[in-house]
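Student: Could you take me through the reading of some side-chain features, with the general idea and then the case at hand?

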Amino acid sequence: MKVDNKINRPQNPLTALLANDQCLSEQAVSELERLPIETLTQWARQRRDLVHGTSITYSKKVFIPLTQLCRDVCHYCTFAQPPKKVQQPYLSLDQVLEIARVGEQAGCQEALFTLGEKPELRYPEAREWLDQHGYTTTLDYLADAAQTVLTETSLLPHLNPGCMTPDELATLRPVSASMGIMLESASERLCEKGGPHYGSPDKHPQVRLATLQAAGEQRIPFTSGLLIGIGETRAERIDTLIKLRQLHEQYGHLQEIIIQNFKAKPYTGMALAPEPSHEDLLWTIAMARLIFPPEMNIQAPPNLSPGKLKSLIEAGINDWGGVSPVTPDHVNPEAPWPHLEQLRIQTETAGKQLIQRLTAYPSYVHHPQHWFDKNIQPTLLKASDAEGLARDTAWTPGNPGIKPPIGQQTHPVDARFANPAIADILSRLESHQPLGEQDIVALFSARGSDVNTLCSIADRLRDTQSGNTVHYVVNRNINYTNICYFHCQFCAFAKSKKNNTLRGQAYLLDTEEVVRRAEEAWQRGATEVCLQGGIHPSYTGQTYIDICQAIKTAIPEIHIHAFSPLEIWQGAKTLGVSIDELLRRLKQAGLNTLPGTAAEILDDEIRTIICPDKINTQQWLDVIAAAHQQGINTTSTIMFGHVEHPVHWARHLLTLRALQMESLASRTGRITEFVPLPYVPDEAPMFRRGRSRSGPTFREVLLMHAIARLVLHPYITHIQTSWPKLGPDGVSACLQAGANDLGGTLMNESISRAAGAGFGQEFPPKAMQQLITRLGRHPQQRNTLYEPVSAEQANKAMTTVALTPVTQEVDQARNNTQPKAQGKRVRFQPKNTGVS
């Protein structure tokens, strides 16, 4: 995400290039060499902030030293040891797994495998161990060890095995989320006698560059970088950086460039060699930032510059690399990792925010099919949030076994923002300037205290707009069938001929049972029945008309809130009439309002992934607009936390805002409320196949409610929070983040339960009132149109009457006795409408 921080840049031809995201020519780079360090670091941090804003990332890792045997003899290294100095040539798989599990329990998400290069080519002990355990090479064993960690834990392997052939890279790609090799230096001079790489065949620059090129050809997210202070010149450092840039320009696979400063170690050939000065380190960081495009991640290890971290940030880094809470830096054992809390404090002291990432960076996580083997994708997606960063907790929607991290998210408001871009956006919002797509994306990037502040601002707006009242409606969900011939990838409710017994049997309620449930709901104080279901092959628009007529004949007073835009579109097509005509007939039959479900994400880029045969964005909008034109109010929804990203949330909100503005201008129907629906992953087909994330994080849930309040104001005044997906604790937090509505009591919630949610089928009115009162708010039962309900119905609602146990009727079609369809079966092929 690009953030405009309105930086005052020095007037210089070079700065014009840097401000336009352009890469400098080698001639321009040579001009930089002559500039003072203060100018270089100033330009470097400005270039970084163009893209990375206030974020400084790190990966929480566990370090697994698979073997310390190595055929190379780098003169500065203490990691490599001869056989007589190690207990065993290689860690066993049990030892690998033990280390990995300790890391997993500590919240790590990366398993960093570090090892010496090809020790079997030098040491008989290594060859014998591999032979005894059934492996041909060290890399064969590495592949097995990485697969074990991937299978037995939630960690993502990152591999640093040194030089590799294309075949070896291909073997390791399915078991790793990323790999790396430090180029260190492109200077062949360092491989000559007396140099630090003399006697180390794997340190020859051309060999290492060949590995980097092969990794690019195989689309492997890769790490590389420089080791400075080992005898190279500054000109050689620049040459190394340019060679790496050239590879990245060709393949786009270099995730990060590490600038690591040499540390002299006792008992090595370079024990007495001078270390590079801190200014030399800062100069190299700044040059790396200026040579690469601004989106490149520039990293410096924090444990190698203790007490000087602020200066590293000011020189242009945006990443600390891997930091382990449980294992030492085996390559630099004399330099302990900083405690994560201390790292956070020092990062914030420099005006930045510390954010945990995965071993793969967001720009790669956002394109999993391109960059990762299908073996890696499920674990990667489960571990990531919507921005492609690390999930911050184990909480997922629908899971009552894990409390939402409310204590981490809802704190007293701090008037200051850690991210000045967010402060700028909100100041424009206060002056009634409408927010654009990138503004909304920036708001969704809020982290830490900024989340609390945004939620508090949204809650104050809620209080101004809606007062202290929290609404709820007593209603009953009636899902008349779960048989559906569409194939939405997120839906665990629908059944078809291929999966008619998965997670329960297929069923089809007859009209009499639908009416009986509506009558029972009325007797229990309901003012609304909400009718939706699968698209049954026998259903037509007339089916929906008949259902409305039957309910209204039995209970004229009840409000029918029914049929998603998909059902309306399908119903019109099966009858061969326009959407307007079907809506007119439904309204005449007793339909009162439409639920704005089936919206999912109003962006066809996402709909083609999660619901390719469903109506597209424009078709959904056409149905809602047509309903409004006939004076039929609707709700609106978003189903978020699966494969989409914040930019799609922004487009969705802006689309709804524009639709509501048009409807309000026409003075006809309108959207009464906006309902964020967190994706419940557990039983969703695409999650079970490893093709989606684990639902939104709780931070994202809070932000969706808060930002919706800000973006949709003053056009959509009610923001509802979903208790079936969030539970009592979750909705309580959302009611303090801009929401003012608890939705329906439901009586028979089945769709979220089918997806794996465990918060029950009904939230009784008394329990809702108790929850609202505990928050210091005023509970109010409403009807579907946010009007007061009659005293008679309100009194009924507060009297507990058990529901008659329901049994879903098995689909008649399975016995070849289904009613004859009154129209044709219709499929929808989304087309490019130009609407996002």
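This is a predicted model: local features need pLDDT of at least 70, side-chain atom pairs count only at pLDDT 80 or more; totals for chains, interfaces and linings use all residues.

Student: How are the rings of Tyr539 and Tyr544 arranged, stacked or edge-to-face?

Tutor: The general idea is that two aromatic rings are described as a pair by the distance of their centres and the angle of their planes. For Tyr539 and Tyr544 the ring centres are 5.9 Å apart and the planes stand at 85 degrees, so the pair is edge-to-face, the cut-off for that class being over 60 degrees.

Student: How many aromatic pairs are there by this rule?

Tutor: The count comes to 16 aromatic pairs. One of them joins Tyr480 and Tyr544, whose ring centres lie 6.5 Å apart with planes at 45 degrees, so this pair is tilted. Tyr480 belongs to the loop between strand 11 (475-479) and helix 20 (511-523), whereas Tyr544 belongs to helix 21 (residues 541-554), so the pair ties together parts that are 64 residues apart in sequence. Both Tyr480 and Tyr544 are buried. Elsewhere, ring pairs link Tyr90, Trp129, Tyr135 and Tyr141 into a cluster.

Student: Which residues have the most contacts inside the largest nonpolar core?

Tutor: In soluble globular proteins, nonpolar side chains tend to be buried together. Here the largest nonpolar core has 124 residues, and those with the most contacts inside it are Leu531, Ile551, Phe563 and Trp620. Helix 28 (residues 698-712) gives the most to this core, contributing eleven residues. Apart from this core lies another, of 89 residues, among them Val29, Leu155, Leu209 and Leu226.

Student: What is Phe563 in contact with, leaving aside its neighbours within four places in sequence?

Tutor: With those neighbours left aside, the contacts of Phe563 include Tyr480, Leu531, Tyr544, Ile568 and Pro595.

Student: Where does the charged end of Arg234 sit?

Tutor: The charged end of Arg234 sits over the ring of Trp283, 4.1 Å from the ring centre. Another case is Arg782, which lies over the face of Tyr786 at 4.0 Å from the ring centre.

Student: And is Arg245 buried or exposed?

Tutor: Arg245 has a relative accessible area of 8%, and because buried means under 20%, Arg245 counts as buried. Arg245 is placed in helix 9 (residues 234-251), and, not counting residues up to four places away in sequence, Arg245 touches Cys23, Leu24, Ile291 and Phe292.

Notes: Residues are numbered from 1 along each chain as its sequence is written. Side-chain values use heavy atoms; hydrogens and water are left out. Helices (H or I, at least four residues) and strands (E, at least two) are DSSP runs, numbered from the N terminus. Buried means under 20% relative accessible area, exposed over 50%, partly exposed in between (1.4 Å probe, protein chains only). Contact means heavy atoms within 4.5 Å. A nonpolar core is a set of buried Ala, Val, Leu, Ile, Met, Phe, Trp, Tyr and Cys residues joined through side-chain atoms within 4.5 Å. Rings of Phe, Tyr and Trp (its six-membered ring) pair if their centres lie within 6.5 Å; planes under 30 degrees apart count as stacked, over 60 as edge-to-face and the rest as tilted. A charge sits over a ring if NZ of Lys or CZ of Arg is within 6 Å of the ring centre and within 35 degrees of the ring normal.
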